[in-house]
Amino acid sequence: MTHPDGRLRASHADRDAVIEQLRVAAGDGRLTLEELEERIERTQAARTYDDLRALTADLPQDRVAFAVPGGGGVLELRTKHGQVQQKDYWVVPARIVASCTSGSVKIDFTEAVCSHREVLLEATCGMGNIVVIVPRGWTVWVDSLTTNMGTISNKATDPGRPDAPVLRVTGKVGMGSLKIKYPRK
């Protein structure tokens with residue numbers, strides 16, 4: 001996502017998203033440590049969206065996620081009987097609320113941009129199901145979940161990378177299911 005007017009002032013969240021993209025590029029071997037440090041310094045001093053775009057213009061898939069003005073910090077995904085999906089490229093907020101009665105909610109973080117160190121997912125599921133897909137390297141904590149007759153399955157249990165986000169899942173599952181997994185290979 002890019003902001004249409006590059007002359008507008010960038011926010012702290014915008015700079016954080018660019019820093020995350022630069023760190024990923026360095027981890028992929030696209031930037032040296034010296035280049036990474038120099039670009040992070042320039043990112044922290046950037047004032048506009050154009051300033052930020054210039055720092056990632058030579059990287060593949062230049063998809064810097066700028067904060068959406070007035071977008072708030074909570075994503076709510078709710079359904080009674082239907083299906084709701086959050087997938088492909090999107091910007092992860094610090095808090096997500098997912099709830100379904102007998103429908104389904106799918107949250108796929110695989111192509112998402114997350115500039116937060118920790119993301120809270122509040123999941124409530126009646127008879128439906130919630131599926132959460134996280135990239136390898138993310139840490140998932142599910143210690144604050146309760147269930148009645150439903151099932152909770154966390155298959156995303158590999159040790160997380162220290163620089164990757166932590167997804168903290170809380171909530172309750174009635175007769176439905178909550179599944180947390182990695183993307184298919």
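Q: Which residue meets Asp50 in a salt bridge between side chains?
A: A bit of housekeeping: this is a predicted model, so pLDDT (the predictor's confidence in each residue, from 0 to 100) must be at least 70 for local features and 80 or more for side-chain atom pairs, while totals for chains, interfaces and linings use all residues. Residues are numbered from 1 along each chain as its sequence is written, and side-chain values use heavy atoms, leaving out hydrogens and water. A salt bridge here is a side-chain nitrogen of Lys or Arg within 4 Å of a carboxyl oxygen of Asp or Glu. With N to O at 2.9 Å, the partner of Asp50 is Arg53.

Q: About how much of the helix separates Asp50 and Arg53?
A: Helices are DSSP runs of H or I with at least four residues, strands are runs of E with at least two, and both are numbered from the N terminus. Asp50 and Arg53 are three residues apart in helix 3, so the gap is about one helical turn.

Q: How many residues apart in sequence are the parts tied together by Glu122 and Arg95?
A: Glu122 forms a salt bridge with Arg95, with the closest N and O atoms 2.7 Å apart. Glu122 belongs to strand 5 (residues 118-125) and Arg95 to strand 3 (residues 95-100), so the distance along the chain is 27 residues.

Q: What is the relative accessibility of Arg136, which pairs with Asp158?
A: The side chains of Asp158 and Arg136 meet in a salt bridge, 2.9 Å from N to O. Asp158 sits in the loop between strand 8 (151-154) and strand 9 (166-173), while Arg136 sits in the loop between strand 6 (129-133) and strand 7 (139-147). Asp158 is partly exposed at 38%. Arg136 also counts as partly exposed, at 40%.

Q: How are helix 1 and helix 3 oriented to each other?
A: Axes are lines fitted to C-alpha atoms, for helices over the stretch in contact, and angles run from 0 to 180 degrees between N-to-C directions. For helix 1 (residues 12-27) and helix 3 (residues 49-56), the axes come within 10 Å and cross at roughly 5°. Angles under 35 degrees count as roughly parallel, over 145 as roughly antiparallel, 65 to 115 as roughly perpendicular and the rest as oblique. That's why these two helices are roughly parallel.

Q: Which residues in helix 3 does helix 1 meet?
A: Contact means heavy atoms within 4.5 Å. Helix 1 brings Asp14, Arg15, Val18, Gln21 and Leu22, and on the helix 3 side they meet Tyr49, Leu52, Leu55 and Thr56.

Q: Is Gln86 buried or exposed?
A: You'll find Gln86 in strand 2 (residues 83-86). Leaving aside residues up to four places away in sequence, Gln86 touches Leu75, Leu77, Lys106, Ile107 and Asp108. Its relative accessible area is 17%, so Gln86 is buried.

Q: Over which residues does pLDDT stay under 50?
A: The protein chain averages a pLDDT of 86, and 90% of the residues score at least 70. The stretch under 50, for which the model has 33 contacts beyond four places in sequence, is residues 62-72.

Methods. Buried means under 20% relative accessible area, exposed over 50%, partly exposed in between (1.4 Å probe, protein chains only).
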